[in-house]
Amino acid sequence: MTLPAPTFDDLTGRTLYGEGLDDAGIAAWFASEEQGYFELTGGAQENPTGAVHRHHALRHLPPRRYATALALGAADGGEYGVFAGQVDRFIAIEPGRGFWRDRIAGAPAEYRMPTPRGTIDLPDGACDLACSFGVLHHIPNVSEVLAELARVLPPGAPLILREPIVSLGDFRRPRPGLTAHERGIPRALMDRMLAEAGFTVRAHSLAGFPGLQQIARRLGLRQVWDNRAFVLADAAASWLMAWNARYWRPRLWDKAAPTMGYWVAIRDPLPSTR
């Protein structure tokens, strides 16, 4: 099946390309993206990201232990090392079987294949933490998946997200180093979809200022997202240039802005049945 072409509103971030596809369209998208990230990376080990997760997410949550954490698009679990000693068990939703492991961050991990629509075979409120790091932008029906994440979390449980907030180029045509349909998620749309799914955003911040990683690596710094000094410098540059952030960035000056957003959202109380 050929997917519909993106509209002007999709390209400029007024709407999110992929939202509203029917079952056939979602199935076609899923088939294209299912092994895309694994094939791009060759199953390479994920780089440590402890410092960036602590700064943008974990410092906004009280220290506690989680019985069951849901890792949506976990890859090999490398991004979850920061949770070592805090999580008793992980349930990882990951299409790339080559990434599957028995443990994540030292805790037992149960890997499962995703479904095309993103439904999760768990009871309501089964997890007390959910995370998704750079995964939702590969999914067509983001709002539906956010609602499913809300379903498996009890009131008061946190959801941690990191997603690109730029278009990632012109997704009407192939882009080197990217999967076929991935595109960023505009900040305003993410805020709206989280609210509609039943979350309240506790913290939102920006990261990924262009050029800083290249400078740091030329200076000999390899694991930039696990280096507190780099993370603080990147956060400062991203904050200073947040005013220039837009979804579609065709001009050189447009690119002088942060490229990633972090959200720490809390599951809202359930509606009263009285």
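Ala-130 has Leu-159 of E6 as its bridge partner. Strand E5 (residues 129-133) runs parallel to E6, and the two share four bridges; strands count as paired if DSSP finds at least two bridges between them. Strands here are DSSP runs (E, at least two residues), as are helices (H or I, at least four), and both are numbered from the N terminus. The model is predicted, so to speak of local features takes pLDDT of at least 70 and side-chain atom pairs count only at pLDDT 80 or more, while totals for chains, interfaces and linings use all residues. Residues are numbered from 1 along each chain as its sequence is written, and side-chain values use heavy atoms, with hydrogens and water left out.

**The sheet and strand E6**

- Eight strands make up an open sheet with mixed pairing, in the order E3-E4-E2-E1-E5-E6-E8-E7.
- At the edges sit strand E3 (103-104) and strand E7 (199-207), each of which pairs on one side only.
- Strand E6 (residues 158-164) also pairs with strand E8 (residues 260-267), this time antiparallel and over seven bridges.
- Across that pairing, Glu-163 stands opposite Gly-261 in E8.
- How many of the residues of E6 are buried? Seven of its seven are, where buried means under 20% relative accessible area, exposed over 50% and partly exposed in between (1.4 Å probe, protein chains only).
- In a regular strand, side chains alternate between the two faces of the sheet.
- Pro-158, Ile-160, Arg-162 and Pro-164 point one way from E6, Leu-159, Leu-161 and Glu-163 point the other way, and all are buried.

**Helix H2**

- Helix H2 (residues 23-33) has Gly-25, Ile-26, Trp-29, Phe-30 and Glu-33 as buried residues.
- Those buried residues line one face of the helix, because they fall within an arc of 135° when seen down the axis of H2 (the arc is that of the directions from the helix axis to the C-beta atoms).
- Turned away from that buried side is a face of H2 with the exposed residues Asp-23 and Ala-31.
- An α-helix has 3.6 residues a turn, so residues three or four places apart point the same way.

**Two alanines with positive phi**

- Ala-75 is not a glycine, yet its phi is positive, at about 50°.
- Look for Ala-75 in the loop between strand E1 (66-72) and strand E2 (87-93); with 4% relative accessibility, Ala-75 counts as buried.
- Ala-105 also has a positive phi of about 50° without being a glycine.
- Ala-105 lies in the loop between E3 and strand E4 (107-112), and its 24% relative accessibility makes Ala-105 partly exposed.

**Cysteines**

- Searching the whole structure turns up zero disulfides (a disulfide being a pair of cysteine sulfur atoms within 2.5 Å).
- Cys-127 is buried, at a relative accessible area of 2%, and Cys-131 is buried with a value of 2%.

**The second largest pocket**

- The second largest pocket holds about 220 Å³ of space.
- Its lining includes Val-166, Leu-168, Pro-210, Trp-248, Arg-249 and Lys-255.
- By class, that lining has five nonpolar, three polar and two charged residues.
- A pocket here is an open set of points on a 1 Å grid over the protein atoms alone, where a 1.4 Å probe fits, with protein on both sides within 12 Å along at least five of seven lines; lining residues have an atom within 4 Å of a point.

Conventions:
Points joined across faces, edges and corners; volume = space filled by probe spheres on them. Nonpolar A, V, L, I, M, F, W, Y, C, P; charged D, E, K, R; others polar.
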